[in-house]
Amino acid sequence: MSAPTTDTPLSPEQKTWQNHQILHEFYGPLPLEPRRAPMRELISTLLSHRTTHADEELAYDRMLEEFGDWEGVLAAPVAALAHAIRTTRWPDTQAPRIQEILRRIKAEQGAFTLDFLADWPVEQGLAWLTDMPGIGLKTASLVLLFNFQKPVLPVDTHVHRVAQRVGMIGPKTSVEKAHQVLLAQLPKDAVILLNFHKHNYWHGQHICFFTKPDCARCPLKSFCNYYLEHYGPPTPAALAATPTHWQREWGVLLH
Ligand code: SF4
C-alpha cells in the first residue's frame, strides 16, 4: 500500500504556471517599467531589508537630504550616515556597506552609475552585483529585472512562502535555491517574470500571511498543498465563494 500523500495532482511546474495565470487575472497585468532609477533601486532595496516601506523611504530621503548626493553619502562620517538611515533595521551595518558599494562603483565606472549592466549578460551582472557587500540574489535580481529587463526572478520571503505552501517548490527548498527552481519553470520573459514576482509578493503580503493565511479569499486553493493538508479538498461551495479579483476595499497594493 502506498504512503498517503497530501500533494495535489498537478506537478510543481504545472502549479507554477497555474499560479501565474490565476494571479495575473486576480491582481491584473503589470507593465515592465522601472519604478525608480537603478542606483536608487539598489540602495533602497538594501535599506528595505526587514524594514517597512515607509521607514525605507524615510531613511533614503533623510540620507540624500543630509548629504546631498552619492558623492556626499560616500564622504560622510559613517556614524552620521548610520544616524541618517536609523529607521532601517541595521543602520550600523548598512552604512559602511552603502559606502563600500559607492566606492566600488565609482572606482570601476568613474561615476555613480549602473547603466553598464544593460549590456552585460545576466550571469555576469548577477555575479558582479552579488559580490557587493549586503547584496544577495534577491536584490541583484530586482535591479536586473526592474531596471534592465533581464529575464531573472527575484524571490523574497513572500514569494518563497506562497511557492512552498502551494507546492511549486519543495518544503525544504531555500530562498536562494528557489530563484533557480522557479525560474526554470517559467518562460524567460521579463514581463511574465515581473508579473509573477509582484503578484506572489502581494499575495504573501495580503492573503497568504505568515501566521494565518486567509485561504477563504485565495484563488489558489484548488491546487494548494497547505489548503489540502489543513482543510481537505476544497468544496464546490468554497470554490464558488472565492473572489476572482482583488477588491479595492481590501487595501492599496504598493508597487
Ligand atoms: S490556499 Fe491558503 S496557504 Fe494556499 S496559497 Fe492560498 S492563502 Fe496561501
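In the predicted model, Leu 74 touches Gln 99, Leu 102 and Arg 103 once residues up to four places away in sequence are set aside. Leu 74 belongs to helix 4, which covers residues 70-75. The C-alpha atoms of Leu 74 and Arg 103 are separated by 7.0 Å, although the two residues stand 29 residues apart along the chain. Leu 74 is classed as partly exposed because 18 other C-beta atoms lie within 10 Å, a count that falls between the limit of 12 or fewer for exposed residues and that of 20 or more for buried ones.

The protein is divided into two domains, of which domain 1 comprises residues 12-31 together with 153-247, and domain 2 comprises residues 38-148. A separation of 29 Å was computed between the C-alpha centres of domain 1 and domain 2. Contact between the domains involves 9 residues of domain 1 and 5 residues of domain 2. On the side of domain 1 that touches domain 2, two or more residues are given by each of helix 10 (175-185) and helix 11 (190-206). Helix 11 provides the largest share of that side, with 3 residues. By class, the side of domain 1 that touches domain 2 consists of 6 nonpolar, 1 polar and 2 charged residues.

The buried residues of helix 11 are Leu 193, Leu 194, Asn 195, Phe 196, His 197, His 199, Asn 200, Tyr 201, Trp 202, His 203 and Gly 204. Among the elements that cover these buried residues are helix 1 (12-27), helix 8 (137-148) and helix 9.

The UniProt record, an unreviewed entry, lists residues 47-206 under "domain: HhH-GPD". In the model, the end C-alpha atoms of residues 47-206 lie 22 Å apart, and the span is 67% helix and 0% strand.

The ligand is surrounded by 14 residues, of which the closest are Cys 208, Cys 215, Cys 218, Cys 224 and Tyr 226. At least two residues of the shell around the ligand come from each of helix 9 (157-166) and helix 12 (225-231). Helix 9 accounts for the largest share of the shell, 3 residues. The shell has 11 nonpolar and 3 charged residues, and no polar residues.

Gln 149 is placed in the loop between helix 8 and helix 9. Its phi is near 55 degrees, a positive value in a residue other than glycine. Gln 149 is partly exposed, because 17 other C-beta atoms lie within 10 Å. With neighbours within four places in sequence left aside, Gln 149 is in contact with Leu 32 and Ala 190. Gln 149 and Asp 189 are 40 residues apart in sequence, while their C-alpha atoms are 8.8 Å apart in space.

A positive phi also occurs at Arg 50, where the angle is about 50 degrees although the residue is not a glycine. Arg 50 is found in the loop between helix 2 (38-47) and helix 3 (53-67). Arg 50 is exposed, because 9 other C-beta atoms lie within 10 Å and the exposed class requires 12 or fewer.

Ala 111 occupies the loop between helix 6 (91-109) and helix 7 (122-130). The C-alpha atoms of Ala 111 and Leu 23, which are 88 residues apart along the chain, are separated by 40 Å.

Ala 240 is part of helix 13, which spans residues 236-240. With 8 other C-beta atoms within 10 Å, Ala 240 is likewise exposed. Between Ala 240 and Gln 205, 35 residues apart in sequence, the C-alpha to C-alpha distance is 24 Å.

Note on methods. Residues are numbered from 1 along each chain as its sequence is written. This is a predicted model: local features need pLDDT of at least 70, side-chain atom pairs count only at pLDDT 80 or more; totals for chains, interfaces and linings use all residues. A residue is near a molecule or strand if its C-beta atom, placed from the backbone, lies within 6 Å of it. Helices (H or I, at least four residues) and strands (E, at least two) are DSSP runs, numbered from the N terminus. Ala, Val, Leu, Ile, Met, Phe, Trp, Tyr, Cys and Pro count as nonpolar, Asp, Glu, Lys and Arg as charged, and the others, Gly among them, as polar. Domain bounds come from an automatic or database domain assignment. Two residues are in contact if their C-beta atoms, placed from the backbone, lie within 7 Å. UniProt positions are given in the numbering used here, feature names are shortened, and annotations may be inferred rather than shown by experiment.
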